[in-house]
Amino acid sequence: MSTTRREFSKGIAATGLGVLAAPSILCAADARVVVIGGGAAGATAAKYIARDSDGAVQVTLVEPKTRYVTCFYSNLYLAGYRTLESITHDYDRLRDSYGVTLMNDSAKEIDPTARRVTLESGETIGYDKLVVAPGVDLKFDAIEGYDEAAAEIMPHAWKAGPQTELLRRQVENTERGGLFVLAAPPNPYRCPPGPYERVCSIAHQLKQRNPSAKILVLDAKDKFSKQELFQDAWDRYYSGMIEWVPAEFGGVVTRVDTAAMTVTTGDETHRVAFANIIPAQTAGAIAHRSGLVGSNGWCPIVSTTMQSRFDENIYVVGDATEAGDMPKSAYSANSQAKVAAMAIRAELTGSRLFPPRLRNTCWSTLAPHDAVKVGAHYEATEDGITTVGSFISTSDEDDNSRARSSTESDAWYDGITADIFG
Ligand code: FAD
């Protein structure tokens with residue numbers, strides 16, 4: 001990290017401002033923003049900067065995929081409630097309606113001094129402000145025997161696409177009876193309720209196709225998001241099928257052997273029909289390579305603007321951030337990206353900066369027409385992002401409330417994907 005970058009971080013702490021003191025407004029036509037990563041965070045940022053700057057800012061989005069499969073709702077694809085096509089989106093509207101330049105490539109290197117991004121293809125793009133939104137990477141060294149090759153046999157399916165399709169094929173073709181292991185990751189990780197919603201999705205499929213199969217959830221934690229609600233649903237809908245083993249009772253997976261099809265915890269080895277191994281996570285590699293990551297593996301940010309603590313011209317949004325009380329979710333990513341977009345436009349065009357609005361709600365589908373939710377709104381101060389109000393479904397809700405949450409969840413999916421991708 002350069003001296004300049006350390007000074008920026010120190011300066012923020014010293015002034016307590018949390019925002020840049022003196023915006024240097026560029027001549028409109030000269031302003032260039034590059035966004036790395038076209039997920040929930042990056043695509044939102046690209047759209048909002050381009051849309052709300054009336055052509056004053058040229059926005060370039062760098063993303064290797066031409067079509068993005070959302071992780072959110074990928075558990076519903078596993079359950080058979082949704083098709084893969086219905087959770088796949090392209091970037092055409094960002095280009096056609098908002099004038100975003102699409103670069104179908106990966107960012108290889110960031111030069112913060114020259115303000116330049118080098119792509120895998122060798123091309124370079126200059127920027128005035130850079131948004132880094134690479135999501136998470138999986139820590140393939142966290143479990144012995146689990147690497148990218150092993151994930152082709154025991155999928156993680158924690159980045160949606162071919163991995164999710166592989167897991168669904170395994171769910172559909174499992175041998176009669178047999179054991180399915182889901183290894184749940186340690187905190188913090190993308191989508192806290194995600195592994196447990198996935199248990200419901202796979203149980204729903206197995207109940208119809210292979211009701212004598214067993215599901216063993218081996219957890220690296222002792223408790224989890226919406227725990228009472230999920231455990232209640234496991235008893236109600238999938239009785240006798242699911243066992244959950246917390247870390248304190250030996251739930252931590254230490255080793256997998258894809259040749260023998262075994263999953264090992266401290267003192268037990270399980271022979272599995274198929275397994276879903278979700279390892280520990282960290283910020284996407286480009287954030288690590290560019291010195292944007294703190295000692296905990298996540299990117300520290302100025303919570304009022306989403307600026308990197310290490311570089312005043314770089315903003316980090318989405319799962320790669322260390323965002324205080326906000327969970328790593330698409331809702332959070334979308335909400336953070338709008339805060340960054342507003343701060344960047346203010347910097348580049350002098351537009352007004354409003355107080356940040358940071359929110360999250362995560363719905364989880366337990367069974368057909370039965371969904372629960374947890375959510376909060378947050379305050380961003382110089383000390384970080386903290387919860388100021390929250391809500392959660394209860395286990396005594398009636399069927400109508402649950403059905404309403406399920407409808408609400410579908411409406412959220414349609415709304416947020418329209419908001420992100422145009
Ligand atoms: P991503 O969406 O992962 O996007 C990152 C993008 O960056 C990717 O497209 C990647 O290709 C690109 N990229 C990476 N490196 C580079 C590079 N060097 N150059 C260019 N591009 C790069 N959230 C909810 O709100 N509600 C839910 O119900 C929900 N359910 C979920 C269920 C599951 C099973 C999972 C796994 C997640 C779920 N989530 C949910 C979480 C949500 O998917 C993530 O929090 C969200 O996708 C984070 O957005 P992001 O933009 O930070 O990362």
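This is a predicted model: local features need pLDDT of at least 70, side-chain atom pairs count only at pLDDT 80 or more; totals for chains, interfaces and linings use all residues.
Residues are numbered from 1 along each chain as its sequence is written. Local features need pLDDT of at least 70, side-chain atom pairs count only at pLDDT 80 or more, totals for chains, interfaces and linings use all residues, and side-chain values use heavy atoms, without hydrogens and water.

I start with the helices, which are DSSP runs of H or I, at least four residues, numbered from the N terminus. Helix α9 is residues 330–349 and helix α10 is residues 399–421. They pack at an angle of about 35°, their axes 11 Å apart; axes are lines fitted to C-alpha atoms over the stretch in contact, and angles run from 0 to 180 degrees between N-to-C directions. Ala-330, Tyr-331, Asn-334 and Lys-338 of α9 meet Trp-412, Ile-416, Asp-419 and Ile-420 of α10, where contact means heavy atoms within 4.5 Å.

Next is Thr-44, in helix α2, residues 40–52. Is Thr-44 buried or exposed? Thr-44 is buried, because its relative accessible area is 0%, and buried means under 20% with a 1.4 Å probe, protein chains only. Leaving aside residues up to four places away in sequence, Thr-44 touches Gly-39, Asn-334, Ala-337, Lys-338 and Ile-420.

Last, the cavity. The search of the whole structure finds 1 cavity of 30 Å³ or more, a cavity being a set of points on a 1 Å grid over the protein atoms alone where a 1.4 Å probe fits but cannot get out.

Definitions and conventions
On a 1 Å grid over the protein atoms alone, a cavity is a set of points where a 1.4 Å probe fits but cannot get out, and a pocket is an open set with protein on both sides within 12 Å along at least five of seven lines; lining residues have an atom within 4 Å of a point. Grid points are joined across faces, edges and corners, and a volume is the space filled by probe spheres set on the points. Helices (H or I, at least four residues) and strands (E, at least two) are DSSP runs, numbered from the N terminus. Buried means under 20% relative accessible area, exposed over 50%, partly exposed in between (1.4 Å probe, protein chains only).
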